[in-house]
Amino acid sequence: MKGLLKYLVLFAAVMLVAAACSSDDTDSGTDTTATATETTAAATETTAAATETTAAPATTAPPTEKIDIDFWVAFSDEARLGFSEDRAAEFNEKHPDYNVRVTSFASYNDVFDAAVLAVDSGEPPGLIHFFEAATRQALDAVSDDGNPIFKSVTDAVAGRTEILGEPVVLDSVVDAARNYYTVDGSFYSMPWNTSTTVMFNNMDMLNEAGITEPPATWAEVETACAAVMALADAPSGCITWPNHSWFVEQSLGQQGELLGNADNGRTGRATEVDLESEGMLAYLDWWKGLSDSGYYTYTGLQRDWDGTSNAFLAHEVAMLVYSSSDTTFFGDNADFTLEASFMPSNGDTDYVGNLIGGATIWMLDGMEAATEDGALAFLNFFSNPENAAAWHQLTGYIPITQDAVDLLEAEGWYDESPNSKVASDQLAAAKNTPASLGALLGNFVSIRDVITIAIEDILVNDLDVATRMADANAEANKSLEEYELLFGG
Amino acid sequence: MLIVGLVVAALLGPLYVWLNVERRSLQRYAIGSATAVAGAAITPLVMGSCGFAEGTTGVDHLLSLTLMWGAAWIALIALRTFFDKADGKAKESAAMAGEIRTGGYRMGWWVPWVLLSPTLLILIVFLYYPAYRTFTLSSKLAKLGAPRSVDVCFGNFTELLILNPAKLVAYPLIAIAVIYGARFWMSHSSPGTWSRKGADVASVVGMMAIFIAMYLMFSPGGGGQVDYRDVYVNTLIITVGIVAFGMIGGLAVAYLAFRKIRGGSAYRTLLIWPYAISPAVAGVLFFMIFDPTAGIFTHGMDVVFGIDVPNYRESAVLAQASIILASGWKILGYNILFYLAGLQTVSTDQIEAAVIDGASSWQRFYKIVMPALSPITFFLLVTNLVYAFFEVYATIDFMTKGAPAGKTSIAIYEIIRVGVNNGDLGRGAAQSVLLFAAVIAITLWQFRTTGSKVSYGGA
């Protein structure tokens, strides 16, 4: 019996030392005395900490408790994350009852996964930043107990024109974005960063080659490239763009071709995807032709935004098809005459329209009324005319509301920087059809992956476009089929 | 089919006892049979008999039977250990364990468990439970946020394999036959003869046979199957490349740095730096060196020599070589550290004696230093393999993202691409299980082959 007691004492001592070690992490280096005293010191320290904890709520809580709203953002760069943090700070100052906290994540997928897991563990954020290709997935996502993760912003606004003093800007959102994000008649999420593909031209190089206007069609691009590559100091390539499925989808929109059935998933759930359409093959054939003749520079990486942008700024290509989101960046960093133009289209088919890309802010379901109002007020504050215009000027994403466009026009911004208007003009030129709206697909992220891998294979290994896309088509359809098994009605 | 599996297991039990247990009795045959059946029944009990359900293919049946008999075999090994102990014929390892046990907690059997409980708790929460979840997930089609998941049984595995059960059985059997044939030849030839040389070649071929058999068993893609052969080959090339470069380079640099140099200790400290760098940073560094647009090396070659360096991401060989270079460079410091420590333990007496006997520096290195370093080499081989298998994801993601067209996509990269980036949890889990099995197999094989040749010094 005595022996047992000895072991218990030993065990208790071990535990206390362990506790001492862990508490030492906070203020290390103060304990240099023998083990016995250290242990007792740690013990008293622990009790002190305990009383401190119990006392804490009484002393640190303000008289009226602030309502925390977590806003998870998928940007991590200084400019864009900084913009959201600054707006949150301004909102918190304006609305002392609320505390909007911005957390940065590395990617859209990370934000989404974290949000679903947070809902299941009972501590969800209020707002998350999620991208266009996963709209179907966001609409379909449910928590462990089967409730939808997100709530329609329109439903939550419920016809109000003002929330906590912030005017509702939902009705002023430009058509291209509104139409994209309206599903089954409901406008679910608040668009934030919205862009489209435009072409940036090194006019110095083009002029030198005798090309005075940026090429508008595929044939004109080829003519321009032949001229550029014939220059004495010809660059290593003529044109580039990232191998990202978004550019493929843009081209399908331009040619009026659908990617998914059920009108691109706009009139029902898409259950089939078509990677072998005439428009798809035409675009990829043209792309491969440019690559074969040495006009198109492939950086060798999928979704390589940095590499293509560097190649353009380093005069290694004359033209860059890119997201309008970096218009301001190129304007600031190009040491040549920069001109933005519409994304080149297939001259043999009628132009239907380019689509948007980017992301929206989704509101999580199940918040208390006061919290939800705070989140809605923040959303509308975040995209009020001044903020939306500032966001556009900072980046090149389109001004998301008509009010912001009006404001920019009144300020004379577009006369000052005409390149910034190209994206909005291109979207306005689009006919409002399912093709130019873009597809809503399940497992779209995987399907995009299938497309870019196939293109890399075609470009690097010199494969036949139609054969390789037939394989890709089978793979993409399998992926969509599986998605519908898991999520479909 | 399920019944057949169990009956075969029931027959395998006595056979195993007959072959492996010294004291045999009718009772022991019966116990052997029962144990084998119990082991074989585990997988059908956990997974249901989905592998034999209607609409399943021969490959599904094969996988089910392999799992059942594998579990039966493991149960029989446990039984054999038990019998051996009961017979007092404890083996070396068992004797060692016994020795520790006699040190004794006279307090009772539970005391060690209480003392171990913090560690065990951490292991269970962070290791065993996730591992268990990986196994259960691998038989499902599942995505985060989905209202339901679908049971696909072995579907996530069969799509990585060829769909011909006969070939799936034949290839490993042929490989095993080649290995045992080579061994037989080896034991029946005397050193120095042509026959022995032939046997040497045959034993190398035997080792390669396993890898070739696995290559043939993986699916070449098409028809809804995954092209896993590609991933397998990439993994082999890149892993072997990293380990070979890292270890040979590490030993070479350590051997050079070990000599008496002025400021040697500072120099040796600097050599270890790459190890402190994360795989992601290693990827970025080499990206900055070799990138066709912004790369220092590429630009330098162009400006100084007018050489147009090709884009490393567009050629499979260059892409794989650059991954091996970056990852091998990162682990180099670690290997140097251990080899430097190891070199200090090499007996100077032996070296001096060798010098007096007129051994050349290469002979001294080959005959004395290398064998003395063998425990460290063995340890490094295991850690380097684990590194090459599991920790190069970030390097690849920064340097090539799997380019060109998947030629640098190794097993771990593919797992993260499929399971995390595409959110396909079941497939990711299935590929993890496969990698897990591969690493276990390689480790066991290492301990059996290389491990036995390692000299830990002593008498």
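This is a predicted model: local features need pLDDT of at least 70, side-chain atom pairs count only at pLDDT 80 or more; totals for chains, interfaces and linings use all residues.

Trainee: Which helix is B:Gly70 found in?

Mentor: B:Gly70 belongs to helix H3 of chain B, and its C-alpha atom is separated by 10.0 Å from that of B:Thr43, a residue 27 positions away along the chain.

Trainee: How far does helix H3 of chain B reach from its first C-alpha to its last?

Mentor: Helix H3 of chain B covers residues 58-86, which is 29 residues, and it reaches 41 Å between the first and last C-alpha atoms, close to the 42 Å expected at 1.5 Å a residue.

Trainee: And which residues of H3(B) are buried?

Mentor: Among them are B:Leu63, B:Leu65, B:Met68, B:Leu76 and B:Leu79, together with the alanines B:Ala71, B:Ala72 and B:Ala75, and B:Asp60 and B:Ser64 are buried in H3(B) as well.

Trainee: What do the buried residues of H3(B) pack against?

Mentor: They pack against three helices of chain B, namely helix H1 (2-20), helix H2 (26-47) and helix H6 (155-158). Once H3(B) is over, B:Gly88 follows, with a positive phi near 70°.

Trainee: Let me zoom out. How many helices and strands are there in chain B?

Mentor: Chain B has 20 helices and four strands, and its C-alpha atoms fill a box of roughly 75 × 60 × 60 Å along the principal axes. Of the 459 residues in chain B, 31% are buried. If you take the contacts in chain B between residues at least 6 apart in sequence, 68% of them join residues at least 24 apart.

Trainee: Which peptide bond is cis?

Mentor: The bond from B:Ala403 to B:Pro404 is cis, with omega near -10°, and B:Pro404 is placed in the loop between helix H17 (393-399) and helix H18 (411-421) of chain B. As background, most peptide bonds are trans, and most residues other than glycine have a negative phi.

Trainee: What about B:Lys401, then: what is its phi?

Mentor: The phi of B:Lys401 is near 50°, which is positive in a residue other than glycine, and B:Lys401 lies in the loop between H17 and H18 of chain B. B:Lys401 is also buried, because 20 other C-beta atoms lie within 10 Å.

Trainee: Over to chain A. Where is A:His315 found?

Mentor: A:His315 is found in the loop between helix H13 (305-313) and S12 of chain A, and its phi is also positive, near 65°. With 16 other C-beta atoms within 10 Å, A:His315 is partly exposed.

Trainee: What sheet does S12(A) sit in?

Mentor: It is an open sheet of four strands in chain A, in the order S11-S12-S10-S13, and the pairing is mixed. The edges are strand S11 (239-240) and strand S13 (338-342) of chain A, each of which pairs on one side only. S11(A) and S12(A), the latter covering residues 319-323, run parallel and are joined by two bridges, and A:Thr240 stands opposite A:Leu320 in S12(A).

Trainee: How is chain A divided into domains?

Mentor: Domain 1 takes residues 67-194 + 357-420 and domain 2 takes 197-354 + 442-487, and the C-alpha centres of these two domains of chain A lie 29 Å apart. At their contact, 17 residues of domain 1 of chain A meet 17 residues of domain 2 of chain A. On the domain 1 side, helix H5 (135-140) and helix H16 (385-394) of chain A are the elements that give two or more residues, and H5(A) provides the largest share, three residues. By class, that side has five nonpolar, 10 polar and two charged residues.

Trainee: How many residues does each chain give to the contact between chain B and chain A?

Mentor: Chain B gives 26 residues and chain A gives 32 residues, and on the side of chain B there are 11 nonpolar, nine polar and six charged residues.

Trainee: Last one: what is the mean pLDDT of chain A?

Mentor: The mean is 88, and 87% of the residues of chain A reach 70 or more. Residues 13-59 of chain A, however, have a pLDDT below 50, and this stretch has 17 contacts in the model beyond near neighbours in sequence.

Methods. Residues are numbered from 1 along each chain as its sequence is written. Chains are lettered from A and ligands numbered from 1 in the order in which they are written. Two residues are in contact if their C-beta atoms, placed from the backbone, lie within 7 Å. Ala, Val, Leu, Ile, Met, Phe, Trp, Tyr, Cys and Pro count as nonpolar, Asp, Glu, Lys and Arg as charged, and the others, Gly among them, as polar. The expected span of a helix is 1.5 Å times one less than its number of residues. A residue is buried if 20 or more other C-beta atoms lie within 10 Å of its own, exposed if 12 or fewer, and partly exposed in between; C-beta atoms are placed from the backbone. pLDDT is the predictor's confidence in each residue, from 0 to 100. Two strands pair if DSSP finds at least two bridges between them. Domain bounds come from an automatic or database domain assignment.
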